[in-house]
Amino acid sequence: MLMSNSDRPARLHYMANGFRVLTTGDHVVCAVSGARIPLEDLRYWSVAAQEAYATAEIATEAMSPPR
(Lines give C-alpha, C1' and ligand atoms only; values in the text may rest on other atoms or scores of the structure.)
Protein backbone atom coordinates (compact mmCIF):
# COMPACT_ATOMS: atom_id res chain seq x y z
CA MET A 1 0.00 0.00 0.00
CA LEU A 2 1.44 3.35 -1.03
CA MET A 3 1.13 6.21 1.42
CA SER A 4 0.79 9.74 0.10
CA ASN A 5 2.62 12.60 1.81
CA SER A 6 -0.07 15.06 0.79
CA ASP A 7 -2.06 16.74 3.48
CA ARG A 8 0.18 15.42 6.24
CA PRO A 9 2.42 17.57 8.44
CA ALA A 10 6.12 16.81 8.23
CA ARG A 11 8.33 16.62 11.29
CA LEU A 12 11.64 18.39 10.70
CA HIS A 13 14.94 18.97 12.44
CA TYR A 14 15.93 22.56 11.69
CA MET A 15 19.61 23.28 11.13
CA ALA A 16 21.53 26.48 10.27
CA ASN A 17 21.52 25.91 6.51
CA GLY A 18 18.56 23.64 6.02
CA PHE A 19 16.43 21.03 7.63
CA ARG A 20 16.28 17.27 7.83
CA VAL A 21 12.99 15.45 7.38
CA LEU A 22 12.26 13.20 10.35
CA THR A 23 8.73 12.31 9.33
CA THR A 24 7.56 12.76 5.76
CA GLY A 25 4.76 15.16 4.95
CA ASP A 26 3.98 18.05 2.65
CA HIS A 27 3.86 20.94 5.11
CA VAL A 28 4.70 22.28 8.57
CA VAL A 29 2.69 24.63 10.76
CA CYS A 30 3.83 28.16 11.66
CA ALA A 31 4.65 28.29 15.38
CA VAL A 32 3.09 31.76 15.73
CA SER A 33 0.21 32.06 13.27
CA GLY A 34 -0.70 28.40 12.85
CA ALA A 35 -0.59 28.85 9.07
CA ARG A 36 0.19 25.85 6.94
CA ILE A 37 3.59 26.21 5.20
CA PRO A 38 4.28 23.92 2.23
CA LEU A 39 7.80 22.48 2.52
CA GLU A 40 8.78 23.97 -0.84
CA ASP A 41 7.91 27.44 0.54
CA LEU A 42 9.56 27.04 3.95
CA ARG A 43 12.22 29.77 4.33
CA TYR A 44 12.18 30.87 7.98
CA TRP A 45 12.83 28.87 11.14
CA SER A 46 14.59 28.97 14.46
CA VAL A 47 17.30 26.41 15.08
CA ALA A 48 17.27 27.13 18.84
CA ALA A 49 13.51 26.87 19.21
CA GLN A 50 13.08 24.24 16.44
CA GLU A 51 10.09 26.19 15.10
CA ALA A 52 8.96 27.19 11.62
CA TYR A 53 7.57 30.62 10.71
CA ALA A 54 5.36 31.57 7.79
CA THR A 55 6.94 34.95 6.97
CA ALA A 56 10.09 36.97 7.61
CA GLU A 57 8.06 39.44 9.68
CA ILE A 58 6.71 36.69 11.93
CA ALA A 59 10.18 35.17 12.30
CA THR A 60 11.71 38.53 13.20
CA GLU A 61 9.05 39.23 15.79
CA ALA A 62 9.28 35.72 17.28
CA MET A 63 13.07 35.84 17.58
CA SER A 64 13.30 39.42 18.87
CA PRO A 65 14.20 39.86 22.52
CA PRO A 66 11.27 40.87 24.72
CA ARG A 67 10.82 44.60 25.15
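Mentor: Let's start with a word we'll need: two residues are in contact when heavy atoms of theirs lie within 4.5 Å. Keep in mind, too, that this is a predicted model.

Trainee: Okay. Which residues does H27 touch, leaving out those up to four places away in sequence?

Mentor: Here the list is D7, R8, P9, A10, R36, I37, P38 and L39. H27 itself belongs to strand β3, which covers residues 27-29.

Trainee: And is H27 buried or exposed?

Mentor: The general idea is that a residue counts as buried under 20% relative accessible area. H27 has 7% relative accessibility, so it counts as buried. Across the protein, 24% of the 67 residues are buried.

Trainee: What does the side chain of H27 make a polar contact with?

Mentor: With the side chain of D26, at 2.6 Å. D26 is partly exposed, with a relative accessible area of 22%.

Trainee: Let's turn to salt bridges. How many are there in the whole structure?

Mentor: In general, look for a side-chain nitrogen of Lys or Arg within 4 Å of a carboxyl oxygen of Asp or Glu. A search of the whole structure turns up 2. One of them joins the side chains of D7 and R36, with 2.8 Å from N to O. D7 sits in the segment before β1 (11-15) and R36 in strand β4 (residues 36-38), so this pair ties together parts 29 residues apart in sequence.

Trainee: What about the side chains of R36 and D26?

Mentor: They meet in a salt bridge as well, at 3.0 Å from N to O. R36 is in strand β4, while D26 is in the loop between β2 (18-23) and β3, so the pair links parts that are 10 residues apart in sequence. Put together, D7, D26 and R36 form a network of salt bridges.

Trainee: Now zoom out for me. In what order do the elements run from the N terminus?

Mentor: The order is β-β-β-β-β-β-α, which gives 6 strands and 1 helix. Along its principal axes, the C-alpha trace spans about 50 × 20 × 15 Å.

Trainee: How much of the accessible surface belongs to carbon and sulfur atoms?

Mentor: That share is 55%, out of about 4800 Å² for the protein.

Trainee: And how far apart are the mean positions of the positive and negative charges?

Mentor: They are 7 Å apart, counting 6 positive and 7 negative charges.

How values were computed. Residues numbered from 1 in each chain as written. Predicted model: local features only at pLDDT ≥ 70, side-chain atom pairs only at ≥ 80, totals over all residues. Heavy atoms only, no water. Helix = DSSP H or I, 4+ residues; strand = E, 2+ residues; numbered from the N terminus. Buried < 20%, exposed > 50% of the residue type's maximum accessible area, 1.4 Å probe, protein only. Areas by Shrake-Rupley, 256 points an atom, 1.4 Å probe, with all protein chains shown as cover. Lys, Arg positive; Asp, Glu negative; His and termini not counted. Charge placed at Lys NZ, Arg CZ, Asp CG, Glu CD. Polar contact = N/O pair within 3.5 Å; in protein donor to acceptor, adjacent residues only side chain to side chain.
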